[in-house]
Amino acid sequence: MYARRRHLYFAMMGTCIGMFVLAWAVVRLWSVPAAIGMCLFAMVIPPVAAVVANRRGPDDRWWDEETGDPESDRWWNELDDRR
């Protein structure tokens, strides 16, 4: 799950950077308003990419959630310094 979210994050951020570069290197020669529109759209991508990359998957363990396995729960409680 983590690898898929990481790949999606980097794809979205690559698209964002590509749109900025394309807007001001190529599109501005034909239409400045279109280049500005591309930049405005590209500005929305980083926050969305951060949300996508940091969302919790259905199988991800939440920090205070018990797993149901007594040995694993004891180990996690020891790591979290809970008695």
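Does M43 count as buried or exposed, and what is its relative accessibility? I opened the notebook with that. This is a predicted model, and I read every value below as computed from it.

**Entry 1: M43.** I looked up the residue's place. M43 sits in helix α2. I then checked its accessibility. M43 counts as exposed because its relative accessibility is 51%, and exposed means over 50%.

**Entry 2: the patch.** I asked which residues form a nonpolar patch on the surface. The members are F20, W24, V32, I36, L40 and M43. Together they hold about 550 Å² of accessible area.

**Entry 3: where the patch comes from.** I noted the helices behind it. Helix α1 covers 2-25 and helix α2 covers 32-54. Each of them supplies at least two residues of the patch. Which element gives the largest share of the nonpolar patch? It is α2, with four residues.

**Entry 4: the fold.** I went through the secondary structure next. The chain has three helices and zero strands. Read from the N terminus, the order of elements is α-α-α.

**Entry 5: burial and surface.** I looked up the totals for the chain. It has 83 residues, and 22% of them count as buried. The accessible surface of the chain is about 6500 Å². Carbon and sulfur atoms account for 65% of that surface.

**Entry 6: contacts.** I finished with sequence separation. I took the contacts between residues at least 6 apart in sequence. Of these, 45% join residues at least 24 apart.

Note on methods:
Residues are numbered from 1 along each chain as its sequence is written. This is a predicted model: local features need pLDDT of at least 70, side-chain atom pairs count only at pLDDT 80 or more; totals for chains, interfaces and linings use all residues. Side-chain values use heavy atoms; hydrogens and water are left out. Patches are made of residues with over 30% relative accessible area and no salt bridge: like charges are joined within 9 Å, nonpolar side chains (Val, Leu, Ile, Met, Phe, Trp, Tyr) within 5 Å. Accessible areas come from the Shrake-Rupley method with a 1.4 Å probe; for residues, only the protein chains shown count as cover. A salt bridge is a side-chain nitrogen of Lys or Arg within 4 Å of a carboxyl oxygen of Asp or Glu. Buried means under 20% relative accessible area, exposed over 50%, partly exposed in between (1.4 Å probe, protein chains only). Contact means heavy atoms within 4.5 Å.
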